[in-house]
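Colleague: Could you help me learn to read the features of a structure like this one? I am new to it, so please go step by step.

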Amino acid sequence: MKTCLRSLVLLLIACSLAQASDRSPNVIIFLADDLGYGDLACYGNPIVQTPHLDRFASEGVRLTDCHSGGTVCSPSRAALLTGRNPYRSGFFYIHGKDTYLKDEEITLAEVLKEKGYETGFWGKWHLSTLEKTHYVHPGPSEQGFDYWMGTTLNAFDKLGGPRRPKAFIKNGEPVGTVDAWYCDVIVDDARDWLVNQRSKQKPFFMYVCSHEPHTPIDPPTEYSNRYDNAKVDQLEKQTQYGQISRPKKDISGNKKDYYGTVNQLDDAFGRLMKTLEEEGLEENTLVLFTSDNGPETPVTLAESLGQWEDPIRDKCFGTPGVLRGMKRYPYEGGHRVPGLVRLPGVIPAGTESNVLFNGTDILPTVCGLVGAEAPANRNVDGVDAFDAFLGKKIQRGDSAIWFYPHHGDTWFRMPQISMRKGDLTLIAWLQERTEGVSLDEWFATSDPDRVALYDVSVDPAQSNDIAEENSGIVSSMKKEMTALWREMRDEGLSK
């Protein structure tokens, strides 16, 4: 019966799209960087003005249980493009000399290109080094993108900052300093491609990745000045930061820049949507707006052990709302993110869905929408979850699982694993690391040990551990978690 209903839904979608256009639907994924679940007005933020995203939310579905595929940048981007848990691809932490998206991985861009799509990428890549000065890794061209303009990393100060960035590379060639802000640069180039450069005879896939609101944070003063007032000061005092400690020093003067940056990002997204509408493409384009992980925190003594500082993170005022955890943390606040999706005539406008949608689901979901086959002969962890956009339950084989970023300043201050089964989340710490055992050895040989269990449907802040009174459930979930942990970790270690 469920199979028949699923087939009927797919048939109705196909009929709706056929009426709207004689070609497959276009696809746009817009990925913000370090944008928290609670950073947008349409997700309850009382401070930041996000009128374009609010309007966009009213035109489609607002997901309240949307997740990035990882808890930090590169892993979540690998998950988005491959449909695989990032640990499988060897992304235990961020991209580095020996960590990059391998040629053997099959990306969403490659799948869509095989289906006749024209593909474009803009913004932060962070899956390999785009500069060809030291060593060569597969970049956007090798991973299926016909056209691209991006940066390897963020717009750090030595690279020009978000204001006048100088690290952009277009189709393999350095661009030089651009006299504009990062999000405006990528959106304006994407708009030009949309209007003037793409083949109008083909459907298209656009993957747009902003630097904002990642550090460094430096918006135009016209944006930051909007948040330099007593009302904002009072509201910020009520803001929740995932139960993660903040610096004792006064950094409150920086908040206007963070809020202004999110406001600026909203305007940039709005311009892209306006161009889509002006080109008559709105009706036949699936647009997904989301974030790569939860919001960043200022550096604290707990993180650095008093050994290092990162002053640019003093401008981080992103919030996960009521959720626990921030960027890097396996708690919900580290990976539950905004998720707004629009496809007119198919996804009902002004709706809300509380069905879990994961970053690994993007590839198989888009494949299902356009009639493409998901990559075979490999472990694809995501599922075709289009029904989540319609508020309908979806079926998963394995439970959704997220791992911490394997790094020297993270392992000792947070749990390492989170797994969702329905509304229940099992949080786990690996076995205690003994003296003399290297971090890598501990990571490669340890299994989940101490655990906590939360029902996030009634306890989104994950403050009430119900493991003790649910020992049977804990035992079953821990068994599944251990199997997934070993399988995904070991596959990645073999890369």
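Colleague: Which residues are buried in helix 11?

Modeller: A word on the source: this is a predicted model, where local features need pLDDT of at least 70, side-chain atom pairs count only at pLDDT 80 or more, and totals for chains, interfaces and linings use all residues. Residues are numbered from 1 along each chain as its sequence is written, and side-chain values use heavy atoms, leaving out hydrogens and water. Buried means under 20% relative accessible area, exposed over 50%, and partly exposed in between, with a 1.4 Å probe and protein chains only. Helices are DSSP runs of H or I with at least four residues, strands are runs of E with at least two, and both are numbered from the N terminus. In helix 11, the buried residues are Ile362, Leu363, Pro364, Thr365, Val366, Cys367, Leu369 and Val370. That makes eight of the nine residues of helix 11 (residues 362-370), so this helix is largely enclosed by the rest of the structure.

Colleague: How do helix 2 and helix 8 pack?

Modeller: Two packed helices are described by the angle between their axes and the distance between the axes. Axes are lines fitted to C-alpha atoms, for helices over the stretch in contact, and angles run from 0 to 180 degrees between N-to-C directions. Here helix 2 (residues 51-58) and helix 8 (residues 255-278) pack at about 50°, their axes 7 Å apart. Helix 2 and helix 8 are therefore oblique to each other; under 35 degrees counts as roughly parallel, over 145 as roughly antiparallel, 65 to 115 as roughly perpendicular and the rest as oblique.

Colleague: What about aromatic rings: how many pairs does the structure hold?

Modeller: A pair of aromatic rings is described by the distance of the centres and the angle of the planes. Rings of Phe, Tyr and Trp (its six-membered ring) pair if their centres lie within 6.5 Å; planes under 30 degrees apart count as stacked, over 60 as edge-to-face and the rest as tilted. The structure holds 30 aromatic pairs. In one of them, Tyr37 and Tyr43 have ring centres 5.0 Å apart and planes at 65°, so the pair is edge-to-face. Tyr37 is buried at 12% relative accessible area, and Tyr43 is buried at 10%.

Colleague: And how are the rings of Phe403 and Trp485 placed?

Modeller: Their centres are 5.3 Å apart and their planes at 75°, so Phe403 and Trp485 are edge-to-face. This pair links distant parts of the chain, with Phe403 in strand 13 (residues 400-403) and Trp485 in helix 14 (residues 471-493), 82 residues apart. Phe403 is buried at 6%, and Trp485 is buried at 0%.
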